[in-house]
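Let's take a walk through this one, starting with the overall layout and then moving in on the ligand. Have the viewer open as you read.

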Amino acid sequence: MAGAGKIVILTGAGASAESGLGTFRDAGGLWQKYDLAKVATPEGFARNPALVHDFYNARRANALAAVPNAAHRALARLQADWSDKVVLVTQNIDALHERAGSHTVLHMHGEIERALCAACGHRWQAPAEMRPADPCPACGAPATRPDVVWFGEIPYHMEEIYGHLAGCTLFVALGTSGSVWPAAGFVAEARAAGAETLELNLEPSDVSRAFHRRRYGPASEVVPAWVTEVLGEG
Ligand code: APR
């Protein structure tokens, strides 16, 4: 499938959907229940930090209680067998890839199990519940926030991700609607580098036409089948 080259895999909320974590834009998704401007922007946090912490406290509890599904486990198996040839980039803030055994996961939208001090930049493992008055363990300022990337903020690891895209022979997008940039542009970056591109999703994404190949179905079925093929076990 990919020859001996590097595979870059981008995952989105669809990868964790069958672990019970909500997606954003499907029917009943998070952005139909909450106003993202109020809970996922720096302005919303400045206006009402308690509301934002409540939102992420609830998502953190769900993420901590969730169990990796067959898609997470298959990707961990691929990484284990192809070690440094597989780069896993995720838009997800849960730790299900890591809990399935994946290593070096690039969380471009941050991690809900991490906390960040808006005053000094210190990062630490977030407590189950965060509150606006919590003092930063390093500088003491009551400026703690979830270490997640909000709309209008710069995603993490972008230079490293573009470097991997420039050198990959296969780019796979899994469980993402392709509606949020810069992740939605990764397929074009990979094609410009001459890579093969594959979309694995429940249904066509906003950028499905940009992919050479597409396979649709639940991640827990489509991803293990694809990994088995790549590992030559099929
Ligand atoms: N298996 C595979 N794909 C699925 C499944 C499933 N079981 N369930 C849903 N999907 C697909 C949907 O068809 C959709 O294309 O997952 C995608 C989820 O899309 P979104 O809800 O938009 O999530 P995502 O693409 O990860 O959003 C990107 O937007 O709000 C921000 O920061 C947030 O990281 C998020 C970013």
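This is a predicted model: local features need pLDDT of at least 70, side-chain atom pairs count only at pLDDT 80 or more; totals for chains, interfaces and linings use all residues.

The chain splits into two pieces: domain 1 (1–21 + 69–109 + 155–234) and domain 2 (24–65 + 112–148). Where the two domains touch, domain 1 puts in 12 residues and domain 2 puts in 14 residues.

Now for the ligand. You'll find it in the largest pocket. Its shell is made up of 23 residues, and the closest of them are F24, R25, W31, T176 and S177. Both domains take part here: domain 1 and domain 2 each supply at least three residues to the shell around the ligand.

Which atoms pair up with the ligand's polar atoms? At A13, a backbone N or O atom sits 2.8 Å from an oxygen atom of the ligand. L202 also uses its backbone, with a polar atom 3.2 Å from a ligand nitrogen. E203 works through its side chain instead: one of its polar atoms is 3.5 Å from an oxygen atom of the ligand.

How much of the ligand does the protein bury? On its own, the ligand would expose 730 Å², and the protein buries 94% of that.

How values were computed:
Residues are numbered from 1 along each chain as its sequence is written. Side-chain values use heavy atoms; hydrogens and water are left out. A residue is near a molecule or strand if one of its heavy atoms lies within 4 Å of it. A polar contact is a pair of N or O atoms within 3.5 Å; within protein, one must be able to donate a hydrogen and the other to accept it, and residues adjacent in sequence count only if both atoms are side-chain atoms. Accessible areas come from the Shrake-Rupley method with a 1.4 Å probe; for residues, only the protein chains shown count as cover. On a 1 Å grid over the protein atoms alone, a cavity is a set of points where a 1.4 Å probe fits but cannot get out, and a pocket is an open set with protein on both sides within 12 Å along at least five of seven lines; lining residues have an atom within 4 Å of a point. A molecule sits in a cavity or pocket if more than half of its atoms lie within 2 Å of its grid points. Domain bounds come from an automatic or database domain assignment. Contact means heavy atoms within 4.5 Å.
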